[in-house]
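Subject: Structure handover

Hello,

Here is the structure you asked about.

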Amino acid sequence: MKKSILGSLVLITIRTIQIFGQTPIDVAESTLKVGGLGEEVFYYGFAEGDQLIFNFEELNGKELKEIEITELPSSSKFMDYKTNKIENKSINIQRTGIYKFRFSNSAVGGRVCKFKIQRIPASENTVNFNPSVLWRTISDTTYTPVEEKYLVKSDTVVITVVDQVAKISSRNALNGNTNINIVDCVLPERTVSWAFYIGVGTEGKKAYEDAKDKFMNSAAASAMKIPGYGTMAALALYGLNVFSKVQGEDNVKYRFITDWENVLLFKSGNTYYQYKQGDVVNDASQMKSPLTGKIYIGLINDNVMEPIDVIVKITAIQVNQEWDTRIVNKMSVRNREEAYLAN
């Protein structure tokens with residue numbers, strides 16, 4: 001019996017010498033606080049053949065919910081639950097790699113912990129192994145086929161919406177007509193912008209013709225290949241206003257009115273809504289709104305005795321687009337952090 005016990009002690013002693021025959025090398029030693037309902041994570045590298053020695057203690061004797069040691073990427077090597085102390089836990093390192101040490105606290109209160117991590121190298125060749133772990137950003141690019149719409153062609157069309165002369169009686173007309181007139185029109189579908197010109201009498205007409213002639217002889221007119229492109233189209237499409245303001249004996253007050261109900265209020269002398277107005281001999285402007293529906297222009301002659309003729313021109317720019325679908329590869333880049341050894 002004594003020989004058996006002695007033999008066992010010898011074997012234990014030999015095993016102890018095998019395990020601890022080399023001086024353990026400190027990898028990390030730290031005291032930390034794991035916050036309530038939180039966790040702390042550390043990463044260290046180990047060489048093939050190393051023996052990892054792990055010690056842990058909660059300094060106030062309280063339990064920590066979970067301690068886990070994982071070989072990256074996801075091979076759990078050790079896990080302990082509801083513990084306050086771990087002594088000389090040994091893990092044999094089968095291959096060189098990175099190990100994750102996770103301390104998880106499920107309590108509301110914090111836990112003050114101390115841990116020590118050591119390694120016993122398998123040979124002199126790995127004594128100077130660097131356990132430090134560095135991080136780099138890796139971009140993973142993937143391509144997913146998706147269906148997208150694309151523009152096959154786009155045609156810009158110039159449309160003359162209004163081209164007329166509105167006659168407006170004076171304030172004291174003998175024929176009993178009122179001194180207001182309403183010009184209305186409907187904007188074409190797919191209108192993207194429009195422009196108007198309003199001019200009174202001979203002065204207003206001459207100003208329009210002068211601007212038209214000047215523009216048609218310019219480089220801007222000859223460079224544009226859109227059919228019907230001219231003074232009004234340039235104003236409607238690009239806001240290029242070449243009309244000169246003129247002086248004259250007669251003027252007109254104009255109002256762009258929002259809808260028919262407000263037209264009736266305008267005609268009856270009540271308060272109404274309008275979105276542009278003027279008191280001019282002539283005027284021109286690009287308009288970006290409205291782009292659909294009906295336009296109402298109220299014209300007022302404030303001359304006591306003389307009627308007036310008012311030129312009203314409206315040009316709209318219509319864009320007709322043809323669309324189709326095709327399959328394209330949509331690129332997606334996802335960045336992730338990757339751990340690697342400093343060696």
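One term before the findings: contact here means heavy atoms within 4.5 Å. Please also keep in mind that this is a predicted model.

**Overall shape**

The chain has five helices and 16 strands. Its C-alpha trace spans about 145 × 45 × 35 Å along the principal axes. The radius of gyration is 44 Å, whereas a compact globule of 343 residues would have one near 20 Å. Buried residues account for 36% of the 343 residues. Take the contacts in the chain with a separation of 6 or more: 81% of them come from residues 24 or more positions apart.

**Two helices in contact**

Start with helix 2 (residues 201-216) and helix 4 (residues 231-238). They pack at an angle of about 80°, and their axes are 9 Å apart. Angles of 65 to 115 degrees count as roughly perpendicular, so helix 2 is roughly perpendicular to helix 4.

Which residues meet there? Helix 2 brings Tyr208, Ala211, Lys212 and Phe215. Helix 4 brings Thr231, Met232 and Ala234. By type, the residues of this contact are five nonpolar, one polar and one charged.

**The sheet with order 1-8-3-6**

Four strands form this open sheet, and the pairing is antiparallel. Strand 1 (25-34) and strand 6 (85-92) are the edge strands, and each pairs on one side only. From one strand to the next, the twist averages 15°.

For a closer look, go to strand 1 and strand 8 (residues 111-120). Nine bridges pair them in the antiparallel sense.

Strand 4 and strand 5 run antiparallel and are joined by seven bridges. Within strand 5, Ser76 stands opposite Thr70.

As background, strands of a sheet pair through backbone hydrogen bonds, either parallel or antiparallel.

**Strand 15**

Is strand 15 (residues 294-300) largely enclosed or open? Six of its seven residues are buried, so the rest of the structure largely encloses this strand. Buried means under 20% relative accessible area.

Strand 15 has antiparallel bridges to strand 10 and to strand 12. With strand 10 (residues 180-186) there are seven bridges, and the two run antiparallel. With strand 12 (residues 252-257) there are five bridges, again antiparallel.

Leu299 is the bridge partner of Asn181. Tyr254 also stands opposite Leu299.

**Backbone points to check**

Most residues other than glycine have a negative phi, and most peptide bonds are trans.

- Pro73 lies in the loop between strand 4 (64-71) and strand 5 (75-83).
- Ser289 to Pro290: this peptide bond is cis, with omega near -5°. Pro290 lies in the loop between strand 14 (282-287) and strand 15.
- Leu37: phi is positive, near 55°, and the residue is not a glycine. Leu37 sits in the loop between strand 1 and strand 2 (39-46).
- Arg190: phi is positive here too, near 65°, in a residue other than glycine. Arg190 sits in the loop between strand 10 and strand 11 (191-200).

Are Leu37 and Arg190 buried, partly exposed or exposed? Leu37 has a relative accessible area of 63% and is exposed. Arg190 stands at 46% relative accessibility, so this residue counts as partly exposed.

Best wishes

Key
Residues are numbered from 1 along each chain as its sequence is written. This is a predicted model: local features need pLDDT of at least 70, side-chain atom pairs count only at pLDDT 80 or more; totals for chains, interfaces and linings use all residues. Side-chain values use heavy atoms; hydrogens and water are left out. Two strands pair if DSSP finds at least two bridges between them. Axes are lines fitted to C-alpha atoms, for helices over the stretch in contact, and angles run from 0 to 180 degrees between N-to-C directions. Angles under 35 degrees count as roughly parallel, over 145 as roughly antiparallel, 65 to 115 as roughly perpendicular and the rest as oblique. Ala, Val, Leu, Ile, Met, Phe, Trp, Tyr, Cys and Pro count as nonpolar, Asp, Glu, Lys and Arg as charged, and the others, Gly among them, as polar. The radius of gyration is taken over C-alpha atoms; the globule rule is 2.2 Å times the number of residues to the power 0.38. Buried means under 20% relative accessible area, exposed over 50%, partly exposed in between (1.4 Å probe, protein chains only).
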